[in-house]
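Please read each section alongside the sequence and the three-dimensional view.

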Amino acid sequence: MSVNLLDLDAQGLTRFVAGLGEKPFRARQLLRWVHRAGETEFARMTDIARSLREKLAERALIAPPRVLRDGVSADGTRKWLLDVGRGNAIETVFIPEAARGTLCISTQAGCALACRFCSTGRQGFNRNLAVAEIIGQLWIANRALGSAPARGRADEDESDARPERAVSNVVLMGMGEPLLNLDHVVPALRLMLDDNAYGLSRRRVTVSTSGIVPMIDALGEECPVALAVSLHAPNDELRNRLMPINRKYPLRELMAACARYLKRAPRDFITFEYVMLEGVNDGEAHARELIELARAVPCKINLIPFNPFAGSGFTRSPHETIRRFNAQLNAAGIVTTTRRTRGEDIEAACGQLAGRVRERAPRTFGLARAA
Ligand code: SF4
């Protein structure tokens, strides 16, 4: 069976070419052709010896997920609907801004964690995405948007001028819980950071988690990148109701894991995501509890206006409530921002994006609902 080279990071590719009797530098050449140039035809890899090209054509292929639809919204947001087999589809979203271009990618088809405010969670879990399906989302976006080398360096900040490559930042914030697919997420992260592939700095790659405590530690050990945590409630009683995973990993353990992570992280703060649900988690007392929690870990808080979906049972907090909540946190010295609602709110919290994909897929893309 042919090996999909998109499934292999530098280490895997080195092992693969060694199996063909080739030297390690061939792996670096291949990485550049596959990821930098977005090439799929071995015959066009002109600096690779013909004999190796022939071997590769027999034993390998470069197969990203199939693009079902590719659309650009009025505000410049671009979305790809990708087929990941057996009736499952995932969406990848590119969000262009003045100083950066952010790609939001998925790591699982569906999600097992059943957060109550998330339509993906309501639809259940299908399977983990393969490395090729995770990195394939960046591969597709880069090929479509431009392939000039990224300028990612560890000392860059987000305020830096925009890199030449359209995708300057990646967030693993689409469908699924990345830390429950760590075996495939880590090689994909390594490819994002690899100078022969995408060359993004660790600060420009963010993993978003609902709070899988042991896996936060594992990510810190294996491939520390920026970390966002979907918090959404300031106490265990409410978080247990909104996010069942909190019963397994309550807030005290989660905060301790965040503090441990910061010892290895490329940034000196954790981003806490907090979806604003009217009458549920948006009161003055909630803000006071959140301030106490936030003082335990260096952090920034990102308030997310809820994106309602049919049957959710929640509504978005009114604009004035969000403004007051934000001001209360800022006045207490907690750096807090409210996520801008774009044309289609594609920057929503972990899972909300994917939920909308499924909600919209039949209408927008003329596709049967994913399983
Ligand atoms: S919010 Fe994230 S972790 Fe929770 S169910 Fe949705 S996709 Fe899963």
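## Helices H1 and H2

In this predicted model, helix H1 (residues 10-19) and helix H2 (residues 25-36) cross at roughly 125 degrees, and their axes come within 8 Å. Because of that angle, H1 is classed as oblique to H2. The crossing of H1 with H2 is right-handed.

On the H1 side, the residues that meet H2 are Ala10, Leu13, Thr14 and Val17; their counterparts in H2 are Arg26, Ala27, Leu30 and Leu31. Sorted by class, the contact of H1 with H2 comprises six nonpolar residues, one polar residue and one charged residue.

## Helices H6 and H7

Helix H6 (residues 182-193) packs with helix H7 (residues 213-222) at an angle of about 30 degrees, the two axes lying 11 Å apart. H6 is therefore roughly parallel to H7. These two helices cross in a right-handed sense. H6 contributes Leu182, Val186, Leu189 and Arg190 to the contact, while H7 contributes Met215, Ala218, Leu219 and Glu222. Six of the residues in the contact of H6 with H7 are nonpolar, two are charged and none is polar.

The buried residues of H7 are Val213, Ile216, Ala218, Leu219 and Gly220. These buried residues pack against H6, and also against strand E10 (205-209), strand E11 (226-230) and helix H10 (251-262).

## Helices H11 and H12

Helix H11 (residues 284-294) and helix H12 (residues 319-331) have axes that come within 10 Å and cross at roughly 35 degrees. The crossing of H11 with H12 is right-handed.

From H11, the residues Glu284, His286, Ala287, Arg288, Leu290 and Ile291 meet Phe325, Gln328 and Leu329 of H12. This contact of H11 with H12 divides into five nonpolar, two polar and two charged residues.

Lys300 is part of strand E13 (residues 299-305). With a relative accessibility of 36%, Lys300 counts as partly exposed.

Leaving aside residues up to four places away in sequence, Lys300 touches Phe269, Ile270, Thr271, Phe272 and Val335. Of these, Ile270 is 30 residues from Lys300 in sequence, with a C-alpha to C-alpha separation of 6.3 Å in space.

## Cysteines

How many disulfides does the structure hold? The structure holds zero disulfides. For Cys258, the closest cysteine sulfur belongs to Cys299, at 8.8 Å from the sulfur of Cys258; a bond is ruled out because this separation is too far. The cut-off for a disulfide is a pair of cysteine sulfur atoms within 2.5 Å.

Cys258 is buried, at a relative accessible area of 0%. Cys115 likewise counts as buried, with 11% relative accessibility.

Ala114 has a phi near 55 degrees, which is a positive value in a residue other than glycine. Ala114 lies in the loop that runs between strand E7 (108-110) and helix H4 (119-123). Is Ala114 buried or partly exposed? Its relative accessible area is 33%, so Ala114 is partly exposed.

His232, also not a glycine, has a positive phi of about 70 degrees. His232 is placed in the loop between E11 and helix H8 (236-242). The relative accessible area of His232 is 1%, so this residue is buried.

## The chain as a whole

The secondary structure of the protein chain amounts to 13 helices and 14 strands. The chain has 371 residues, and 57% of them are buried.

Contacts between residues at least 6 apart in sequence provide a further description of the chain: 66% of them join residues at least 24 apart. The pairing of Lys300 with Ile270, 30 residues apart in sequence, is an example of two residues in contact.

Technical notes: Residues are numbered from 1 along each chain as its sequence is written. This is a predicted model: local features need pLDDT of at least 70, side-chain atom pairs count only at pLDDT 80 or more; totals for chains, interfaces and linings use all residues. Side-chain values use heavy atoms; hydrogens and water are left out. Buried means under 20% relative accessible area, exposed over 50%, partly exposed in between (1.4 Å probe, protein chains only). Axes are lines fitted to C-alpha atoms, for helices over the stretch in contact, and angles run from 0 to 180 degrees between N-to-C directions. Helices (H or I, at least four residues) and strands (E, at least two) are DSSP runs, numbered from the N terminus. Angles under 35 degrees count as roughly parallel, over 145 as roughly antiparallel, 65 to 115 as roughly perpendicular and the rest as oblique. A crossing is left-handed if the near helix is turned anticlockwise from the far one by less than a right angle, and right-handed if clockwise. Contact means heavy atoms within 4.5 Å. Ala, Val, Leu, Ile, Met, Phe, Trp, Tyr, Cys and Pro count as nonpolar, Asp, Glu, Lys and Arg as charged, and the others, Gly among them, as polar.
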